[in-house]
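Please read it beside the coordinates.

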Amino acid sequence: MGVLIFISNLDVLMVNIMEARNFISAREMLTHNNWIFTTMNEAARYEKPPFPTWLTAISAYFFGMENLFAYRLPAALTSIFLLIIFYKLQLLLVIKKHVAFISSLILMTSFYIVFSGRDGQWDIFTHAFMMGCIYFLIRIFQTLNHKYLYAVVAGLFFGASLLSKGPVSLYALFFPFLISYSLTYRFENLKENWKPILLFILVGLTIGCWWLIYVHYYDAEAFAAVAEVESGRWLYYNVRPFWYYWSFFTQSGIWTIPAFVSLSYWYLKPRVSNLKAYKFYILWTLFSVVLLSIIPEKKSRYLLPVLIPLAMTTGFYVEYIIKNFSHRLTKIERVPIFLNFIVLAIIAFGAPFVLYYFFGAGILEKTFTYILVSIALVLIGVGFVFGLLKKKPKLLFGLQFLMILAILNFGFPLAELISPHRNDPNIEALKAYEEDEKIRIYEASGIIPELVFEYGKPLPIVKSEEDLPVDANNKKFGILVHQEALNWKENFKNYNYKLIDTLDLNPTMAKGTNSRLIREFYVLTKE
């Protein structure tokens with residue numbers, strides 16, 4: 001199931017800005033051998049530690065540097081690892097297998113888990129590895145044998161998490177876990193386990209910090225410049241109010257209503273099958289939200305670690321509904337359940353019309369795909385109605401899971417209809433022009449990561465004649481300029497210029513809407 005969720009149609013969606021930055025660094029590891037001193041467009045890029053970039057570069061090496069599937073595969077496989085370790089953690093806490101299975105299904109179909117697992121961002125890596133660390137850390141306290149082995153493995157995962165995105169998961173996932181676990185299960189026999197815990201800390205910090213120390217020592221100036229920018233962003237960039245994350249449960253997407261109800265502690269307290277585990281996970285969820293809320297910089301994707309314990313609280317609620325839906329639920333208790341599935345049924349029945357409205361007549365280019373996803377969703381909608389009328393909760397929640405599968409496996413290919421590759425001109429046309437005219441192309445207004453990745457090689461930034469490479473033929477070259485760039489021609493006074501075309505990397509249905517993705521392409525010549 002994890003394969004169908006995370007790997008199917010993995011290369012369909014267009015590359016976004018965060019992915020492009022990461023993929024460029026991975027590609028330059030292979031082409032420039034920059035495995036330690038990571039770069040993007042041949043400039044130092046130390047904002048993110050390199051472990052996920054290493055994995056991505058290795059995947060691209062084996063499956064092809066022009067293969068988008070190869071660049072996204074490591075994140076997808078890491079997501080499947082997260083599901084496995086999440087399920088095993090439930091069993092370690094003596095949670096029933098069927099509840100652990102339900103929670104795992106909820107986790108793998110939560111919106112931001114799906115998005116991160118199919119997207120080349122590094123968030124999924126840092127949190128998945130930290131979950132591996134948490135699992136083996138708990139095993140140190142719950143078993144009598146192999147404590148030092150578990151300590152080493154936990155340390156390796158801890159270090160891998162730090163090497164993926166620095167202290168992000170340490171703060172947003174690990175610290176909330178420590179607090180909630182201490183309040184519920186408690187770290188028993190802490191004195192007897194101090195040696196393996198010390199080993200865990202030493203291994204984790206050694207693995208997690210060596211790259212940071214190495215780069216800081218050997219490229220101090222570039223590292224300091226990056227560190228100054230990154231530290232400032234935590235305080236002054238994308239600042240949101242403290243309560244910005246209070247709608248965190250909506251990031252579970254299709255599970256929003258059950259997730260919200262699962263946070264009603266006093267309601268579920270007498271109803272869950274494992275009260276101790278439920279307390280642990282709800283505290284973990286809430287502490288994670290609180291700690292994230294303290295940081296001034298806030299983005300929706302930072303809520304990814306919250307969805308991990310939230311999936312387990314939701315699982316307890318779903319278990320209760322499945323057991324009691326037919327005869328024990330009061331009318332008030334049935335309201336959120338009916339609301340959830342009525343909303344999903346409306347979405348399922350309305351999907352064919354929404355898709356046609358969104359894509360227009362162009363959807364007929366993929367008639368088979370459109371018919372397939374429409375039939376699948378309408379049948380699921382019929383199933384929702386039938387399940388509500390016949391009071392079949394297992395069928396209803398099973399269809400909720402299948403709805404995500406249908407969208408990902410049958411509907412995602414429709415995204416090709418709005419790909420920027422369909423614009424005219426597109427990046428392929430730019431590359432063809434460069435090859436036909438035997439010229440080099442530069443960027444004058446700051447890089448567009450998506451463009452650099454799709455272009456297949458670095459695009460040097462040249463803002464004036466003085467920036468032109470000395471080893472190049474500078475009598476004729478191409479240059480990409482932002483539409484709003486002022487007086488750029490004054491920096492090339494010795495050249496004649498000719499506007500060739502305007503390159504737009506926006507999706508076809510949103511051409512011209514994001515000026516960042518638009519460049520005017522000029523050819524400059526010197527007589």
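1. Trp 210 counts as partly exposed because its relative accessibility is 33%, where buried means under 20% relative accessible area, exposed means over 50%, and partly exposed lies in between (1.4 Å probe, protein chains only). Trp 210 sits in helix α10, residues 194-218; helices (H or I, at least four residues) and strands (E, at least two) are DSSP runs numbered from the N terminus. Together with Phe 37, Tyr 214, Tyr 217 and Tyr 218, Trp 210 makes a nonpolar surface patch of about 570 Å². Patches are made of residues with over 30% relative accessible area and no salt bridge, like charges being joined within 9 Å and nonpolar side chains (Val, Leu, Ile, Met, Phe, Trp, Tyr) within 5 Å; the areas come from the Shrake-Rupley method with a 1.4 Å probe, and for residues only the protein chains shown count as cover.

2. On provenance, this is a predicted model, in which local features need pLDDT of at least 70 and side-chain atom pairs count only at pLDDT 80 or more, while totals for chains, interfaces and linings use all residues. Residues are numbered from 1 along each chain as its sequence is written, and side-chain values use heavy atoms, with hydrogens and water left out.

3. Helix α7 (residues 123-142) has 20 residues and reaches 29 Å from its first C-alpha to its last, which is close to the 28 Å expected at 1.5 Å a residue, the expected span being 1.5 Å times one less than the number of residues. Of the 20 residues of α7, 18 are buried, and the helix is therefore largely enclosed by the rest of the structure.

4. A salt bridge is here a side-chain nitrogen of Lys or Arg within 4 Å of a carboxyl oxygen of Asp or Glu, and a search of the whole structure finds 13 of them.

5. Another salt bridge joins the side chains of Glu 333 and Arg 271, at 3.3 Å from N to O. Glu 333 lies in helix α16 (residues 331-359) and Arg 271 in the loop between α13 (265-268) and α14, so the pair ties together parts that are 62 residues apart in sequence. Glu 333 counts as buried at 9% relative accessibility, whereas Arg 271 is partly exposed, with a relative accessible area of 32%. A salt bridge also joins the side chains of Glu 297 and Lys 299, at 4.0 Å from N to O, and Glu 297 counts as buried at 6% relative accessibility.

6. Lys 147 itself lies in helix α8, residues 147-165.

7. Some backbone geometry deserves a check against the model. Most residues other than glycine have a negative phi, and most peptide bonds are trans. Asn 9, although not a glycine, has a positive phi of about 55°, and its place is in the loop between α1 (2-6) and α2 (17-32). Glu 42, also not a glycine, has a positive phi of about 65°; Glu 42 is found in the loop between β1 (39-40) and β2 (43-44) and is partly exposed, with a relative accessible area of 49%. The peptide bond from Asp 424 to Pro 425 is cis, with omega near 5°, and Pro 425 lies in the loop between α18 and α19 (427-437).
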